[in-house]
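Some notes on this model before you set anything up with it. Please read them alongside the coordinates.

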Amino acid sequence: MRSSLHTLQQVRVVRAAVAIVAAGALAVTAAGCGDDGDDNGGDGGKADKSGAGVTLPKLDGESLRVGAVWTGPEQKNFEKVLDGFEEQTGATVEYVPTGDNVASFVRTQVAGGKPPDVVFAPQVGVLQEFVKEGWAKPLDAAAKKELGKNFSQGWQDLGAVDGEQYGVYCKAANKSLVWYNTTAFENAGAQEPEDWQGFMDTAQLVSDSGVPPVAIGGADGWTLTDWFENIYLSQAGPEKYDQLAAHEIPWTDPSVKDALTTLGELFGDDTLIAGGQKKATKMAFPDSAIAPFADLEDPKAAMVFEADFVGAFVNETDAKVGEDAKVFPFPAVGPDKPVVTGGDAAVTLTGSKGAQALLTYLSSTEAAEAWAAPGGFVSPNKNMDMGAYPNDVQREIAQALVDAGDDFRFDMSDQAPADFGGTAGKGEWKALQDFLADPKDVEGAQQDLEKAAAAAYKS
């Protein structure tokens, strides 16, 4: 596991972080549904499908099972992508929700002799575990060719283990965004903050206006890892970030103490959290995502921090992205604003003809454009039509991701072994949930994190 993490570090550089942040800043000023005036946006968000598409085999009568963590609008949007695959191939595809613990789901399915044909690994560590256990099958030539044509080397490398390609990172995320209700900000006289102190001041201003400032989906521990990672990357810097990601420094390091102390400034103030700490520990991510937008005039929160996929949940409300719902980059805690990316890798566990065809399709611009159309999704696919995105906010975020090429920092917990960074009720998820409930106990949180990390990394 350690050697694989070192390989990943070769693609995690941050020169293009400034470009992504700049694009995020531009996105918040753009009109939500307007045309951006370029050749890609003039079709009202509909991609041009006049060119030749990906070539797929005929699979009449073949049935596939596909597993992923997505529920609600994210699931519905993905199922539309699967519909396109079915239409082209004649195959029948069943979507199976895995729950948050994908590794446990797959382990159970393998033991029962019926693994899904394709599963989405939401963490690099989970993908590596599938390879180590012998469950994952390499991509065939057609899938590798389509992947190589449409994705930068950095995104290909994230799906490779020991030089063999296993995963297709067809769904990515900018995990350094704060979404907000524009009416709540206007009523409070609040402005988009630039740094952490400005963020805390803005939260207090919104609180004083009578609206709970920040919704936190603490029942899903991965959201808390994202809070920590953004603060840590900005405050401790990229070199420390890489060291902690590979467990080359312990979680008892002073840099971790500093980041937890900063995070505790928010977590420890009930007046700044929708429902207070107690409710935050029980709030699921989907509920936090819609809290600022379900009732625009009387919102349950003014802000929610999370990735671009919040847009999929906003679209389930009456709010319009770019008008009622805008975003700003995660505020700088240190000298620079952080940019953390994430993604989901499609992996085949059966290697069947249909599974390989689906991986080929998911590597294509056709699939990316179909997935982009409803919103709440961005792709690293460098050849897709940016006009496929439904609004300028999503378009700017996606373009910045593509422009970054191989220059990005990947989600820290997603690089860790699944037992530490990707399992509900264990490891980092559990330790940070406990910290949300008791943010004064920084030392205790560090000890819990280090104990779990040491066991998972076997260091």
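1. Helix H17 (residues 365-372) is mostly covered, with 6 of its 8 residues buried. Buried here means under 20% relative accessible area, with exposed over 50% and partly exposed in between (1.4 Å probe, protein chains only). The buried set is Glu366, Ala367, Ala368, Glu369, Trp371 and Ala372. Their packing partners are helix H3 (72-89), strand E3 (118-121), strand E6 (168-174) and helix H16 (353-362). At the start of H17, a side-chain oxygen of Ser364 comes within 3.5 Å of the backbone nitrogen of Glu366.

2. Provenance and conventions. This is a predicted model, in which local features need pLDDT of at least 70 and side-chain atom pairs count only at pLDDT 80 or more, while totals for chains, interfaces and linings use all residues. Residues are numbered from 1 along each chain as its sequence is written, and side-chain values use heavy atoms, with hydrogens and water left out. Helices (H or I, at least four residues) and strands (E, at least two) are DSSP runs, numbered from the N terminus.

3. Confidence. The protein chain averages a pLDDT of 88, and 88% of the residues score at least 70. Over residues 1-51 the pLDDT is below 50, yet this stretch has 106 contacts in the model beyond near neighbours in sequence. pLDDT is the predictor's confidence in each residue, from 0 to 100; a contact means heavy atoms within 4.5 Å. Where pLDDT is low, the predicted coordinates should not be read in detail.

4. Overall make-up. The protein chain has 22 helices and 12 strands. Of its 459 residues, 61% count as buried. Among contacts between residues at least 6 apart in sequence, 78% join residues at least 24 apart.

5. Strand E1 (residues 63-68) is largely enclosed by the rest of the structure, because 5 of its 6 residues are buried. The chain crosses from E1 through H3 to E2, and this β-α-β crossover is right-handed. That means the path from the first strand over the helix to the second runs clockwise, with the strands pointing away from the viewer. E1 pairs with strand E2 (residues 92-97) in the parallel sense over 6 bridges; two strands pair if DSSP finds at least two bridges between them. Ser63 stands opposite Thr92 in E2. E1 also pairs with E3, again in the parallel sense, over 2 bridges. In E3, Val119 is the bridge partner of Gly67.

6. A separate topic is the open sheet of 4 strands, with order E8-E9-E7-E10 and mixed pairing. Strand E8 (214-215) and strand E10 (325-329) are the edge strands, each pairing on one side only. E8 meets strand E9 (residues 303-305) in the parallel sense over 2 bridges. Val214 stands opposite Met303 in E9.

7. Helix H9 (residues 196-208) has 13 residues and spans 18 Å from first C-alpha to last, close to the 18 Å expected at 1.5 Å a residue. The expected span is 1.5 Å times one less than the number of residues. Buried in H9 are Trp196, Gly198, Phe199, Met200, Thr202, Ala203, Val206 and Ser207. Gly210 follows H9, with a positive phi near 100 degrees.

8. Is Ser413 buried or exposed? Ser413 is buried, with a relative accessible area of 2%. Ser413 lies in helix H19 (residues 412-415). Not counting residues up to four places away in sequence, Ser413 touches Gln123, Thr225, Glu229, Gly421 and Glu428.

Key. Polar contact = N/O pair within 3.5 Å; in protein donor to acceptor, adjacent residues only side chain to side chain.
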